[in-house]
Amino acid sequence: MRKFFIFLIVAITTTSIAMAQDANKLSISTQIFMDKLSGKIVTDKTTLNEAKLKGLKPEAGSFEAAERERQFVADPVVKNGQTYMSAFIRLENPSAIAKLESLGVEIEEQFLDGKLVTALIPVDKIEEVSEVANVSSINAATLMKKSTKVARQKTNVDDVLTYSADAQSAGLPNAFDGSGVILGVIDTGIDFNHIAFKDANGNSRIKQAYVYNGSSARTYTGSSITSNLTDDNTEDHGTHTSSTAGGSSVTVSGSTVTVTNDHANATYGGMAPGADLYLAGINSLSSTYLSNAVKNMCTYADEQGKPLVVSNSWGSQIGPHDGTGDVADSYNSLFGDSHPNHVALFAASNDGGKSKDGEGGGYHIHGTASSSSPLRTILRSAIYTNTDAGYMYAGIIANAWARSTSVSKLGVKIHVLDASTGAIKTSVTMTSSGTVSGLSSYYSGSLSVYYDQVTSDKTQLLLYSQNGITSRSTSTTTQNGETYYKSKYTLAIEVYPISGSSEIDIWGGSNGYFTNHLSTSGILCSNARKKSLFFYFF
């Protein structure tokens, strides 16, 4: 039996790191969520302000976009005066749902016969929820990243839509434009009144919409769909991907745009202009609401008795990458051989080729490691266009996973290297969650290590800095007519099981990559491999 696999991280935290280690139910993202609420994660943006003053240019296009890129965990949800954490909860027995609801937990959607749920947990009840019998893990919602850029003409879709001579000679029985199929798109920043979602008579082709605006979720039907403008007026990615997947064919003449059924002569158009649309706009791409949306789409399609294709142009490189995890399991329960009328498609990301200054590198390292033979690599970052790759590290820097279920804890040694010679300037060893101390002579800002063992019984370790750490010693040169900042330092890590040995995978975040470009003193770095896909399917 074929299984539908998606690889990504869902991590979570606790009211206290000590509790997370003892209870072993609260994952990294929950730890980060609670640390932000308690002030343990410093919200000071000194490093970001310094970057603005120096005229640095974010790879993400703007400082606002760069800050969104670095945020890993979804913000709290405020509803009726109560503050909640949006989360996945795994249950050994669905009977625990009644107890959760008695604590004020709002159950939103259920997967895996009630053993995986999305829920809103009152922030002052997280500890109590973790102590409920049959609760095995609590995973705060994380934020996905946007991806994909394509056009239908480049993929010969026009031949399929128009039943061209080439299509006929290839054996296509008739034209296919998506008619009879429900096309679902899950993204952020969807303009539900865009002309791409109207038919030739000006009527909306959107049959249903699911919208999460950052504080509440709502399903729209009928005329209420067009009364809703967007889930996020600062984004337009969802309008782009939805119109690419299923936008109506249109002709453009000057400032006049007209919907047409003449696909062959259209100026622009989507892949399936005849499909019924179910669009889901999810503010910030919060993982729990992504799963809620796909559950609603599947339910709607089954009620209509029509096949469903869901397009997802988002994802994350964070996670075990083996088909496990909360979002993966929520999709697995809705697709595959048991649901032949449901098909899900995922974009292959935008993360290729971020190595800087021709030094080479990749996003994935794999090898067998022990405390005496750790897995090693040099960390690099592509945060700004006019800095080298050791100047600033921010967001998710590295995520390590032990493949062996017998490994209960990973350790990491963090090295500051001389960026020219590779000589070790200082080293800090971390074997539990906490802030990394001992780097202040070389980098300003706050760097944290988190770990857990709640996702599929595999141990993970995360190196994370929400606002970034910046080199305290730099040199400058002129490149392309502007100041280019070069750090005198760079970071390297060694990851290993505290006891025993295990195969370990280390994955980079959206802003970082790994390299062995330096001949280091004491650090023989593993080869980094380019693995730019957000999701893999088998």
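Reply: The structure holds 11 aromatic pairs; rings of Phe, Tyr and Trp (for Trp the six-membered ring) pair if their centres lie within 6.5 Å, and planes under 30 degrees apart count as stacked, over 60 as edge-to-face and the rest as tilted. The model is predicted, so local features need pLDDT of at least 70 and side-chain atom pairs count only at pLDDT 80 or more, while totals for chains, interfaces and linings use all residues. Residues are numbered from 1 along each chain as its sequence is written, and side-chain values use heavy atoms, with hydrogens and water left out.

One of the pairs is Tyr331 with Phe335: the ring centres are 5.7 Å apart and the planes stand at 15 degrees, so this pair is stacked. Tyr331 and Phe335 are both buried, where buried means under 20% relative accessible area, exposed over 50% and partly exposed in between, with a 1.4 Å probe and protein chains only. Tyr331 and Phe335 also belong to one aromatic cluster, together with Trp314 and Phe346.

Another pair is Tyr442 with Tyr489. Here the ring centres lie 5.0 Å apart and the planes are at 90 degrees, so the pair is edge-to-face. This pair links distant parts of the chain, 47 residues apart: Tyr442 is in the loop between strand E21 (434-435) and strand E22 (443-445), and Tyr489 is in strand E27 (residues 489-497). Strands (E, at least two residues) and helices (H or I, at least four) are DSSP runs, numbered from the N terminus. Both Tyr442 and Tyr489 are buried.
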